[in-house]
Amino acid sequence: MNSRLVTPRNWQKVLKMSDDQLFKLTPEEQQLTGQLQNVIREEIAVTDGVIPFNRYMELALYYPGLGYYSNPLFKFGAKGDFVTAPMISNLFGHLVARQLQELIAFGCQPRLLEFGAGNGKLAADILASMGDNLECYWIIELSADLQQWQRETLQEKVPQHLDKVRWLSALPEQFDGIIFANEVLDAIPCELININQTQINGVGVAYADNSFVYRDYQLSPSSLEYARNLNLNYTDYQTEIHLAAVLFMESIANILRHGAILFIDYGYGANEYYQPNKTSGTLRGFYHQQVLDGVLVNPGLIDITTSVNWSAIATAAIKCDCDFIGYTNQAGFLVNCGLTALMDQLHNELSAAQYLQLSNQINRLISPNEMGINFKVAGFSKGLEQDEWLGFSDYDLSYAL
């Protein structure tokens, strides 16, 4: 749901380790994953022995109190499972705030709605940059533990703006302002499918020989239609389809009456996503900053993620009467928002050691070998006359969708 260090989000080469080497679980971890495994096994037992993969992913990530994003185990930072872009440098949030500030100047109401605020660092940096110009800052966060973490971060970093922040448990019926999210789409449960030319099956999860295993099942009519419309005439090809992410985008677009939507996440356009050489899709897991090929182990302890199909997201937004503003990579977006000029300014204000440290942080955000290219930024609007935003003024990749 949020970005990483040697993690889901910045694509450094990592050492693959055996399960025995990697999973040296504490008693607390052992108890937690054991409880969640029992929950999943019971559901499999009452559903003809197999559940769709998106249901497994939903339980593994979001089951109350036990799922990866719902349990109290530590996840952020060098000692956790991932490091987000806002955690790497305060400048990330400062530059995102420049884009948000421009949208307010274009006529957006000075209201922000952030999905999945992680440890609250991005919210704190945005409020530090533009809090005086905001009417309210809403956060939709379903995890009680993460809500508490966010409160503590904001209380520490921006106590003067804490009165503007409100946590919601569901979408408002309508919204005027700016909706945004950093690394949320990748954690929306997806379905797995297997394609053998004209034959398309769902890939679900069963339980056999004391472990969770993949098993084919018959897709629902809507999922089968979606998969067929991809027109993938491949053999022995496993990949993901993202109906829940599409519905999420449609829900957001439908509540927005006037304003803008800004999403940041890693992914591809459909043509790149469904390349014939990507025979196993983009599904992967992360545990203590190690990449896992298998995601059916130790539910509740590992992050499960897939790349975003940005073509599907853009199509869903346009279908709901949003204007598609732009699509670029994270490096291009940050440069467009004034990164170069800001670094020149800071070069004159910081000591050599401080500037070197900052340069190393920024390199992680924009380097092609880290987060700069694989992370993408997409913008949509409704009711705004301006269709040229600061963050998409150059390096436009819309042709790839």
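Colour by pLDDT to begin, that is, the predictor's confidence in each residue, from 0 to 100. The protein averages 92, and 93% of the residues score at least 70. Now select residues 1-18: pLDDT stays under 50 there, though the model gives this stretch 90 contacts (heavy atoms within 4.5 Å) beyond four places in sequence. This is a predicted model, so local features need pLDDT of at least 70 and side-chain atom pairs count only at pLDDT 80 or more, while totals for chains, interfaces and linings use all residues. Residues are numbered from 1 along each chain as its sequence is written, and side-chain values use heavy atoms, with hydrogens and water left out.

**The cores**

Next, show Leu100, Ile126, Tyr137, Leu154 and Leu262. They have the most contacts inside the largest nonpolar core, which has 51 residues. A nonpolar core here is a set of buried Ala, Val, Leu, Ile, Met, Phe, Trp, Tyr and Cys residues joined through side-chain atoms within 4.5 Å; buried means under 20% relative accessible area, exposed over 50%, and partly exposed in between (1.4 Å probe, protein chains only). Helix α5 gives this core its largest share, eight residues. Helices (H or I, at least four residues) and strands (E, at least two) are DSSP runs, numbered from the N terminus. Zoom in on Leu262 and you'll find contacts with, among others, Val96, Leu100, Ile179, Phe333, Trp389 and Phe392. There is also a second, separate core of 35 residues, including Ala245, Ile255, Leu256 and Ala312.

**Helix α13**

Select residues 339-349, which make up α13, and pick out the buried Leu339, Leu342, Met343 and Leu346. Look down the axis: these buried residues fall within an arc of 100° (taken from the directions from the helix axis to the C-beta atoms), so they line one face of the helix. Among the elements covering them are α5 (90-105), α12 (330-336) and α14 (352-366).

**Two buried spots**

Go to Leu185, in the loop between β5 (175-182) and β6 (191-196). Is Leu185 buried or exposed? Leu185 is buried, at 6% relative accessible area. Its contacts beyond four places in sequence are Phe248, Phe263, Asp265, Val308, Trp310 and Ile313. Draw a distance to Phe263: 78 residues away along the chain, with 8.3 Å between the C-alpha atoms.

Then jump to Ile304 in strand β13 (residues 303-305), which is buried at 1% relative accessibility. Beyond four places in sequence, Ile304 touches residues including Phe53, Tyr56, Met57, Asp186, Arg284 and Val295.

**Rings and charges**

Finish with the aromatics. The whole structure has 18 aromatic pairs. Rings of Phe, Tyr and Trp (its six-membered ring) pair if their centres lie within 6.5 Å; planes under 30 degrees apart count as stacked, over 60 as edge-to-face and the rest as tilted. Tyr68 and Tyr69 have ring centres 4.9 Å apart and planes at 90°, so this pair is edge-to-face; both residues are buried. Tyr268 and Tyr273 are edge-to-face too, at 6.2 Å centre to centre and 80° between the planes. Arg166 lies over the face of Trp138, 5.2 Å from the ring centre. Last stop: Phe53, Tyr56, Tyr207, Phe212 and Tyr214, a cluster linked by ring pairs.

Conventions. Lys NZ or Arg CZ within 6 Å of the ring centre and 35° of its normal.
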